[in-house]
Amino acid sequence: MLFIRTLATGEERQIPLPFSAGDELRWSPDGRSMILAGPDASDRIGRHQVEISTGVVRTVVSDTDAQTNARAEWMPDGKSVVMVRYDLVDNRQRIVLRTLDTGVERVVFDPAAANLNGGGQTPWG
């Protein structure tokens with residue numbers, strides 16, 4: 001159960017969730033929904049979007065045997081989230097951007113592919 005309290009009025013709403021617990025709650029930029037972590041119907045941890053006005057819960061992404069996802073954060077446009085993807089097969093972490101309405105993902109940062117050693121010296125030493 002998700003409890004939403006309006007601070008100005010003290011009014012409290014309850015939104016039933018299809019799982020027993022959720023964490024890593026993040027409000028969308030427009031305040032109309034949130035992303036949270038919790039188990040899906042197959043008991044796999046996933047990231048879910050909850051529409052506050054309707055109570056509709058939609059799974060954004062679920063963990064698999066090959067990968068887990070953590071720390072979903074909204075992008076300022078409210079149309080996508082960025083999260084840390086742990087690849088359990090090759091033991092790598094990547095930062096992935098997922099567009100919510102299409103489910104399209106792209107890797108926005110892969111530390112293994114980045115040249116983090118060639119920075120050079122700054123002009124001020």
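Contact here means heavy atoms within 4.5 Å of each other. With that in hand, the structure can be walked through piece by piece, bearing in mind that it is a predicted model.

The overall make-up comes first. The chain has 10 strands and 0 helices, so read along the sequence its pattern is simply β-β-β-β-β-β-β-β-β-β. Of the 125 residues in the chain, 32% are buried. The accessible surface amounts to about 8100 Å², and carbon and sulfur atoms account for 51% of that. As for contacts with a separation of 6 or more, 20% of them link residues 24 or more positions apart.

Part of the strand set can be followed as a sheet. In it, 4 strands line up in the order β7-β8-β9-β10, giving an open sheet with antiparallel pairing. The edges are taken by β7 (67–74) and β10 (105–109); each has a single partner strand, so one side of each is left without a neighbour in the sheet. Going from one strand to the next, the twist averages 35 degrees.

The pairings inside this sheet can be taken one at a time. Between β7 and strand β8 (residues 80–87) there are 6 bridges, in the antiparallel sense, and Glu73 sits opposite Val82 of β8. These two strands make a hairpin with 5 residues between them, and Gly78, in the turn, has a positive phi of about 70 degrees.

Arg71, in strand β7, has a phi near 50 degrees, which is a positive value in a residue other than glycine. Its relative accessible area is 46%, so Arg71 is partly exposed. Asn91 is not a glycine either, yet its phi is positive at about 55 degrees. Asn91 belongs to the loop between β8 and β9, and with 72% relative accessibility it counts as exposed.

What about the inside of the model? The largest nonpolar core is built from 9 residues: Leu2, Ile4, Ile15, Leu17, Phe19, Met34, Leu36, Val50 and Ile52. One member, Ile15, touches Met1, Leu2, Ile4, Val50, Ile52 and Gly55, leaving out residues up to four places away in sequence. There is also a second, separate core of 8 residues, with Val61, Trp74, Met83 and Leu100 among them.

Setting aside residues up to four places away in sequence, Arg47 touches Glu24, Ile35, Leu36, Ala37, Arg58, Thr59, Val60, Val61, Asn69, Ala70, Arg71 and Ala72. That list includes Leu36, a member of the largest nonpolar core, and Val61, which belongs to the second one. Arg71, the residue with the positive phi, is in the list too.

Val57 gives another view of how separate parts of the chain meet. This residue lies in strand β6 (residues 57–62) and is partly exposed, with a relative accessible area of 26%. Leu17 is 40 residues away along the chain, but the C-alpha atoms of Val57 and Leu17 are separated by 7.2 Å. Apart from neighbours within four places in sequence, Val57 is in contact with Pro16, Leu17, Pro18, Phe19, His48, Gln49 and Val50. Of these, Leu17, Phe19 and Val50 are members of the largest nonpolar core.

Finally, Ser42 sits in the loop between β4 and β5. With a relative accessible area of 59%, Ser42 is exposed. Its C-alpha atom is separated by 9.3 Å from that of Ser62, which lies 20 residues apart from Ser42 along the chain.

Notes: Residues numbered from 1 in each chain as written. Predicted model: local features only at pLDDT ≥ 70, side-chain atom pairs only at ≥ 80, totals over all residues. Heavy atoms only, no water. Pairing = 2+ DSSP bridges. Axes fitted to C-alpha atoms, helices over the stretch in contact; angles between N-to-C directions. Buried < 20%, exposed > 50% of the residue type's maximum accessible area, 1.4 Å probe, protein only. Core = buried A, V, L, I, M, F, W, Y, C linked by side-chain atoms within 4.5 Å. Areas by Shrake-Rupley, 256 points an atom, 1.4 Å probe, with all protein chains shown as cover.
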